[in-house]
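Me: I'd like to walk through this structure with you. Can we start with the helices?

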Amino acid sequence: MTARLANKRIVLGVSGGIAAYKSADLIRRLRDAGAEVQVVMTAAAQSFITPLTLQALSGNPVHTDLLDPAAEAAMGHIELARWADLVLVAPASADCLARLAQGVANDLLTTLWLATKAKLAVAPAMNQQMWAAPATRANLATLQARGVAVFGPAAGSQACGDVGEGRMLESVELANACADQFESGLLTGRHVVITAGPTREALDPVRYLSNHSSGKMGFAIAEACVEAGARVTLIAGPVSLPTPARLRRVNVVSADEMLLAAQAAVEGADVFVATAAVADYRPARVAEQKIKKSADVIALELIKNPDIVATIAARPDRPFVLGFAAETEKVIEHAREKLLRKKLDMIACNDVARADIGFQSDDNALTVIWADGDRHLDKAGKTVIARQLVELLAERLLQK
Ligand code: PMT
């Protein structure tokens, strides 16, 4: 279950309470499951456990102060808020729950809580009477109504000698509850290599042949693979997209460069996804100087580029190969032909004659075909389509 935590970024907020000692073991379990952990401690938490202990276990400096210029320079609270996939406060004391419910932002943890778009969770820990108090119940109901996940608490004997509800869950239970917040670990342990964007084939120092690919589809697939727990290498043609988090990006320009990068990256890889719109031809000669305007008609001699996806599929150590087909007519028929000719495991085809999907657009619609089946993915945002494609890919991969 904790496979879902691979590559995930978790901010662990620690507030003041005797259960803070359990946070140390929780950090270890989250990291063992592949998550990266940044710890934020309230002032009260530091009376129960030292930042140094949690720093050693998390492998990152512990954040304690909203107004510390040095810490803000290293990773500011807004940056930390944006970094997180999940913010879990464990233990969450009665006071901390009250401040979170009221939207008070008087320390680093509560400020970050307001500033993040990440999933939010609390693991309450307090005396059983405080847990039962109407004010605590109301604060909890407010948080739950806003979509905050509540992990526990458990019942049992308490540090203060009372018996009842209010014990923080054990670290293994908390790590599992964190994993449940994420959709899938479908590709955990897999290395996926993806090509994206166009290639550019130089004519002279200032001109080139290329196409309209923006890279959006390939980048969305790369992000969906990271989300699914994979280690991802993204080989990108010239596009103006920012690098998604938690993957390795290799920039290339021409088809020849893309082939070299792909050959190097697929050594030992599990999956190759060819989303790039590779130029089929390149100029036979690249002029050293800018070609001067002269005759009214000039002829360009073009030579065939290597077929990258077919080359990868022909390797004796081939990974699972998912190709794309960009077609303007007889979309399915042409895609089936490419699936066979290029010896792919799967092909995703799109109708690039449509202006509302395919090249440049934020949306796409795909028909995905394999030897003994197919599935249509209705028009949706490329992020959504990419997640659906990754689910299909993971299914097929398991059957191989
Ligand atoms: O980048 P976007 O703006 O988001 O647009 C997305 C997209 C339309 C580019 C994408 O969805 C898509 O269809 N990509 C494949 C584009 C393409 O070149 O299709 P093709 O039918 O010409 O090629 C078939 C397959 O062979 C593709 O997997 C392609 O990457 C691969 N190929 C083609 C030529 C070549 N020399 N080497 C290759 O590896």
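Predicted model: local features only at pLDDT ≥ 70, side-chain atom pairs only at ≥ 80, totals over all residues.

Me: OK, so how many residues does α8 have, and how far does it reach?
Reply: Helix α8 covers residues 134-145, which is 12 residues. From first C-alpha to last, α8 reaches 16 Å. That is close to the 16 Å expected.

Me: Which residues of α8 are buried?
Reply: Thr136, Asn139, Leu140 and Leu143. Seen down the axis of α8, the buried residues fall within an arc of 100°, so they line one face of the helix.

Me: Why would residues spaced like that point the same way?
Reply: An α-helix has 3.6 residues a turn, so residues three or four places apart point the same way.

Me: And what is exposed on the other side of α8?
Reply: Pro134 and Ala145 are exposed there.

Me: What comes just after α8?
Reply: Gly147 does, with a positive phi of about 95°.

Me: Let's compare notes on α13. Which of its residues are buried?
Reply: In helix α13 (residues 331-341), they are Val331, Ala335 and Leu339. Down the axis of α13, these buried residues fall within an arc of 65°, so they line one face of the helix.

Me: Which residues are exposed on the face turned away?
Reply: Glu333 and Leu340 of α13.

Me: What covers the buried residues of α13?
Reply: The cover includes strands β16 (320-327), β17 (346-351) and β18 (363-370). After α13 comes Lys343, with a positive phi near 55°.

Me: New topic: helix pairs. At what angle do α1 and α9 cross?
Reply: Roughly 45°. The axes of α1 (residues 20-32) and α9 (residues 171-180) come within 9 Å. That angle makes α1 oblique to α9.

Me: Is the crossing of α1 and α9 left-handed or right-handed?
Reply: Right-handed. Among the α1 residues in contact are Leu26 and Leu30, and among those of α9 are Val172 and Leu174.

Me: How about α10 and α14, what angle there?
Reply: Their axes cross at roughly 55° and come within 8 Å. Therefore α10 and α14 are oblique to each other. This crossing is right-handed too.

Me: Which residues meet there?
Reply: From α10 (residues 216-227), they include Ala220, Ile221, Ala224 and Cys225. From α14, they include Ile385, Ala386, Leu389 and Val390.

Me: Tell me about Val390. Buried or exposed?
Reply: Val390 is buried, because its relative accessible area is 4% and buried means under 20%. Val390 sits in helix α14 (residues 382-399).

Me: What does Val390 touch, leaving out residues up to four places away in sequence?
Reply: Leu187, Ile221, Ala224, Cys225 and Ala228.

Me: How many residues along the chain separate Val390 and Leu5?
Reply: They are 385 residues apart along the chain. Their C-alpha atoms are separated by 17 Å.

Me: Last one. Where is Thr275?
Reply: Thr275 lies in the loop between β13 (271-274) and β14 (281-283). Thr275 is buried, with a relative accessible area of 12%.

Me: And which residues does Thr275 touch, again skipping those up to four places away?
Reply: Ile194, Thr195, Met217, Gly218, Ile221 and Phe324. Ile221 is also touched by Val390.

Key
Residues numbered from 1 in each chain as written. Heavy atoms only, no water. Helix = DSSP H or I, 4+ residues; strand = E, 2+ residues; numbered from the N terminus. Expected span 1.5 Å × (residues − 1). Buried < 20%, exposed > 50% of the residue type's maximum accessible area, 1.4 Å probe, protein only. Arc of directions from axis to C-beta. Axes fitted to C-alpha atoms, helices over the stretch in contact; angles between N-to-C directions. Parallel < 35°, antiparallel > 145°, perpendicular 65-115°, else oblique. Left-handed = near helix turned anticlockwise from the far one by under 90°. Contact = heavy atoms within 4.5 Å.
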